[in-house]
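Hello,

Here is the structure I promised to pass on. Please open it next to this email and follow along.

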Amino acid sequence: MVFVVDIGDGTYDTAVVYLDENLNPEIIGKEGDRSFGGNDLDKFIIDGYNNNELVHLKI
């Protein structure tokens with residue numbers, strides 16, 4: 001399984017894709033938000049940085 005995130009010019013899209021042993025993809029699920037992405041996401045990140053609200057993730 002692969003989790004795909006696409007943050008485009010004005011959308012935020014995600015998908016869960018199953019890959020078989022020959023790497024043939026099958027989309028299990030997908031969802032998107034047309035009102036979040038692009039400039040909206042940039043503003044969200046900059047506002048979080050300016051307010052020291054960003055979360056640091058350690059994986």
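Predicted model: local features only at pLDDT ≥ 70, side-chain atom pairs only at ≥ 80, totals over all residues.

**Strands, hairpin and surface**

Strand β2 covers residues 12-19. Strand β3 covers residues 25-33. They pair in the antiparallel sense, over eight bridges. Five residues sit between the strands of this hairpin. One of them to check is L23: its phi is positive, near 65°.

Together with V2, V4 and L19, L23 makes a nonpolar surface patch of about 310 Å². L19 belongs to strand β2. Is L19 buried, partly exposed or exposed? Its relative accessibility is 32%, so L19 counts as partly exposed. The cut-offs behind that call are under 20% for buried and over 50% for exposed.

Next, the whole chain. The protein has one helix and three strands. Along the sequence, the pattern reads β-β-β-α. How many residues are there, and what share is buried? The protein has 59 residues, and 12% of them are buried.

Two more totals. The accessible surface is about 5400 Å², and carbon and sulfur atoms account for 54% of that. Finally, take the contacts between residues at least 6 apart in sequence: 23% of these join residues at least 24 apart.

Best wishes

Methods
Residues numbered from 1 in each chain as written. Heavy atoms only, no water. Helix = DSSP H or I, 4+ residues; strand = E, 2+ residues; numbered from the N terminus. Buried < 20%, exposed > 50% of the residue type's maximum accessible area, 1.4 Å probe, protein only. Contact = heavy atoms within 4.5 Å. Areas by Shrake-Rupley, 256 points an atom, 1.4 Å probe, with all protein chains shown as cover. Patch = residues over 30% accessible without salt bridge, like charges linked within 9 Å, V, L, I, M, F, W, Y side chains within 5 Å. Salt bridge = Lys/Arg side-chain N within 4 Å of Asp/Glu carboxyl O. Pairing = 2+ DSSP bridges.
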